[in-house]
Amino acid sequence: MGSGNFVHGGAVISCPHGGRAVSTAAAGTGVCIDGLPVVTAADLFTVSGCPHSVGGRPQPCTSVRWTPAGGGDEVRIDGVPALLDTSAAMCFSAGLVPQGPPVVAPVHQGVSSR
């Protein structure tokens, strides 16, 4: 089984150029961490605000595609692999040109005091 933290609907994910990636389908899993849905390989991620350009022409990242580790030993939700912050992924332009891996901000662990 891969190691890492589950990616949830509140995770801060960005493209390598600073655009923000948001899951558009995470609410459907029914499995939550801290009240936020865990995302799976079936969820779609859209990117907005990417400033990337090539040769002076805008070529922003528009989506993120994840590739879970596979092998059958990953955690699954309704038969679909759950995403970890260590899962392989790639950002793509609208023309499906690979633009680099997304950046998943570290999950902050809550600390309780008594």
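Analyst: The largest nonpolar core holds 15 residues, and those with the most contacts inside it are Ile13, Phe45, Val47, Val64 and Trp66. A nonpolar core here is a set of buried Ala, Val, Leu, Ile, Met, Phe, Trp, Tyr and Cys residues joined through side-chain atoms within 4.5 Å. Buried means under 20% relative accessible area, exposed means over 50%, and partly exposed lies in between (1.4 Å probe, protein chains only). Three strands, β5 (45-48), β8 (61-67) and β11, each supply at least two residues of this core. The largest share, three residues, comes from β8. Strands (E, at least two residues) and helices (H or I, at least four) are DSSP runs, numbered from the N terminus.

This is a predicted model, in which local features need pLDDT of at least 70, side-chain atom pairs count only at pLDDT 80 or more, and totals for chains, interfaces and linings use all residues. Residues are numbered from 1 along each chain as its sequence is written, and side-chain values use heavy atoms, with hydrogens and water left out.

Now the partners of β5. Strand β2 (residues 20-23) runs antiparallel to β5, joined by four bridges. Serine 23 stands opposite phenylalanine 45 in that pairing. β5 also pairs with β8 in the antiparallel sense, over two bridges. Here phenylalanine 45 stands opposite valine 64 of β8. Two strands count as paired if DSSP finds at least two bridges between them.

These pairings belong to an open sheet. Seven strands form it, in the order β12-β11-β8-β5-β2-β1-β13, with antiparallel pairing. β12 (98-100) and β13 (103-104) stand at the edges with a single partner strand each, so one side of each has no neighbour in the sheet. The β11 and β12 pair is antiparallel and spans two bridges. Within it, cysteine 91 has glycine 100 of β12 as its bridge partner.

Next, Trp66. Setting aside neighbours within four places in sequence, tryptophan 66 is in contact with Ile13, Phe45, Leu83, Leu84, Ser87, Ala88, Ala89 and Val104. Contact means heavy atoms within 4.5 Å. Serine 87 sits in the loop between β10 (80-81) and β11 (88-93). It counts as buried because its relative accessibility is 15%. Residues up to four places away in sequence aside, serine 87 touches Trp66 and Thr67.

Then the cysteines. A search of the whole structure finds zero disulfides, a disulfide being a pair of cysteine sulfur atoms within 2.5 Å. The sulfur of cysteine 61 has its closest cysteine sulfur in cysteine 50, 3.8 Å away, which is too far for a bond. Cysteine 91 is in no disulfide either: the nearest cysteine sulfur, that of cysteine 61, is 4.7 Å away. Cysteine 61 counts as buried, at 2% relative accessibility. Cysteine 91 is buried too, with a relative accessible area of 0%.

Two loop residues have a backbone worth checking. Most residues other than glycine have a negative phi. Aspartate 78 is not a glycine, yet has a positive phi of about 50°. Aspartate 78 lies in the loop between β9 (76-77) and β10. At 71% relative accessibility, aspartate 78 counts as exposed. Leucine 96 also has a positive phi, about 60°, although it is not a glycine. Leucine 96 is placed in the loop between β11 and β12. It is partly exposed, with a relative accessible area of 47%.

Finally, the whole protein. Its secondary structure comes to 13 strands and zero helices. Buried residues make up 32% of its 114 residues. Among contacts with a separation of 6 or more, 59% join residues 24 or more positions apart. The accessible surface comes to about 6700 Å², and 57% of that belongs to carbon and sulfur atoms. Accessible areas come from the Shrake-Rupley method with a 1.4 Å probe; for residues, only the protein chains shown count as cover.
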